[in-house]
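Please look over the sequence and the structure shown here before reading on. The paragraphs below go from the overall fold to individual side chains.

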Amino acid sequence: MIKAVIYARYSSSSQTEQSIEGQLRVCNEYAERNDIVVVGTYIDRAMTGTNDARPDFQRMIKDSAKQTWKYVIVYQLDRFARNRYDSAHYKNILHKNSLHYIQHKQIMPEKLIKAHIKPNAHYEI
């Protein structure tokens, strides 16, 4: 059984709770279709992705060290981070904790996921 968590975020007061609900719905549907058990969600509301000062994001990174789940599912990469340095830095932490992320809008087989999150890779955001 593959275990994962979902990370969802919206960045401004002009967006609504519907944005979070939509991200969660799509990510949960993906998990169901792929026999992945979602064991938790991390949600940051009205928090920019241009820095890492997001409480649930930081809690997720800290929790990743426990290795109780294998994947982080995000609706799209910019929900994880908009800053290239932060994106590479935190993907590297997940990688060190033997974890990976799945970007819903660019779903990839596990072999490609592992290659995609190499810490020194260039990421288009």
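What follows is a guided reading of this predicted model.

Because the model is predicted, local features are described only where pLDDT is at least 70 and side-chain atom pairs only at pLDDT 80 or more, whereas totals for chains, interfaces and linings use all residues. Residues are numbered from 1 along each chain as its sequence is written, and side-chain values use heavy atoms, with hydrogens and water left out.

The protein has five helices and four strands, where helices (H or I, at least four residues) and strands (E, at least two) are DSSP runs numbered from the N terminus. Along the sequence these elements are arranged in the order β-α-β-α-β-α-α-β-α. Of the 125 residues in the protein, 43% are buried; buried means under 20% relative accessible area, exposed means over 50%, and partly exposed lies in between, with a 1.4 Å probe and protein chains only. Among contacts with a separation of 6 or more, 70% are between residues 24 or more positions apart, a contact being heavy atoms within 4.5 Å. The protein exposes about 6,700 Å², and carbon and sulfur atoms supply 49% of this area, as computed by the Shrake-Rupley method with a 1.4 Å probe, where for residues only the protein chains shown count as cover.

Strand β1 pairs in the parallel sense with strand β2 (residues 36-44) over eight bridges, and here A8 stands opposite I43. Strand β1 also pairs in the parallel sense with strand β3 (residues 71-74), over four bridges, and in that pairing I6 has I73 as its bridge partner. Two strands are taken to pair if DSSP finds at least two bridges between them. In a regular strand, the side chains alternate between the two faces of the sheet.

Helix α1 covers residues 17-33 and contains Q23. The side chain of Q23 reaches the backbone oxygen of R9 at 2.9 Å, which qualifies as a polar contact (a pair of N or O atoms within 3.5 Å; within protein, one must be able to donate a hydrogen and the other to accept it, and residues adjacent in sequence count only if both atoms are side-chain atoms). Q23 itself is buried, at a relative accessible area of 5%.

Where are charged side chains paired? Side chains of opposite charge can pair when their charged atoms come close. The structure holds four salt bridges, each defined as a side-chain nitrogen of Lys or Arg within 4 Å of a carboxyl oxygen of Asp or Glu. In one of them E29 is joined to R25, with the closest N and O atoms 3.9 Å apart; both residues lie in helix α1, four residues apart, about one turn of the helix. E29 is partly exposed at 36% relative accessibility, and R25 is partly exposed at 48%.

In helix α2 (residues 55-64), D63 and R59 are likewise four residues apart and so separated by about one helical turn, and they form a salt bridge whose closest N and O atoms are 3.8 Å apart. D63 is buried at 13% relative accessibility, while R59 is partly exposed at 38%. D63 also meets K66 in a salt bridge at 3.4 Å, N to O, and K66 is exposed, with a relative accessible area of 57%. Together, D56, R59, D63 and K66 are linked in a network of salt bridges.
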